[in-house]
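Please look over the structure below before reading on. The report that follows takes up a sheet, a helix and a cavity.

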Amino acid sequence: MVNTTNDPKVSSYASISVAPIYPGGDYNTVAGTAELLGVFKYSQLSTPSSVSNREALVLNTEILADREYDKIKTKGDLENYKNNVNKRVERFKSNDDYQFVITLKNPMSIDSFYDLVSDYNLEVSELYARGIDSEKNIVTIGTKTIQPEVLESIQKEASYSFKGIIEIEGTAKGKDLKKIMKNDKVFAVEVQTEDQPAFGLYWKKETLNK
């Protein structure tokens, strides 16, 4: 929701969902569970402190404070979290499909991204990339379209210096996710489950490594 006054804001909400009762069905919203995640002024969205940390834009940490992700406060916490989510992948069935978020160790070039998608049979639904603007502010770019012309336009955008792709979301077989965890360009593989969201870890990794 956007307020069109002189002080514009964006409000975001989330609700609890339950798994479908039959294969291929849709997740259903649980009535009465809507929570206000936060209200953000446009001016706040342009500051380095907020754009460098996705949880400031997406998550209200008071609401999600009991979740494992929100307890990541140190490099040690991050390493433990990474090891735990990677171990979950090892338990998945090889030929089943899983929704994933892959966090890369460093920003990746577009050519390397396409190689990764091809080598591990990834069906990509969304990706995030990193840029730096003229004032040294961190810029996050997200797209659900991965056609070459779209990624090329992102790379050549004049308002920032493109650094590379940092996170990949999509679907893949359990066997391919087990393999990609061993790739030296991959930091972590989170898999969406009924009781465990997959948030992506680059923002945490970036903040804790400063």
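## Terms and basis

Contact here means heavy atoms within 4.5 Å, while helices (H or I, at least four residues) and strands (E, at least two) are DSSP runs numbered from the N terminus. This is a predicted model, in which local features need pLDDT of at least 70 and side-chain atom pairs count only at pLDDT 80 or more, whereas totals for chains, interfaces and linings use all residues. Residues are numbered from 1 along each chain as its sequence is written, and side-chain values use heavy atoms, with hydrogens and water left out.

## The helix and the sheet

Helix α6 (residues 148-156) lies across β6, β7 and β8, and runs at about 170° to β7; such angles, from 0 to 180 degrees, are taken between N-to-C directions of axes fitted to C-alpha atoms, for helices over the stretch in contact.

Five strands form an open sheet in the order β7-β6-β8-β5-β9, with antiparallel pairing, where two strands pair if DSSP finds at least two bridges between them. The edge strands, β7 (138-143) and β9, each pair on one side only, and the twist from one strand to the next averages 20°. Strand β6 (residues 123-132) is joined to the antiparallel strand β8 (residues 161-173) by 9 bridges, and Gly131 stands opposite Phe162 in β8.

## The cavity lining

Val85, Arg88, Phe92, Glu190, Val191, Gln196, Pro197 and Ala198 line the largest cavity, a set of points on a 1 Å grid over the protein atoms alone where a 1.4 Å probe fits but cannot get out, with lining residues having an atom within 4 Å of a point. Two or more of these residues come from each of α4 (75-90) and β9 (186-191).

Conventions. On a 1 Å grid over the protein atoms alone, a cavity is a set of points where a 1.4 Å probe fits but cannot get out, and a pocket is an open set with protein on both sides within 12 Å along at least five of seven lines; lining residues have an atom within 4 Å of a point.
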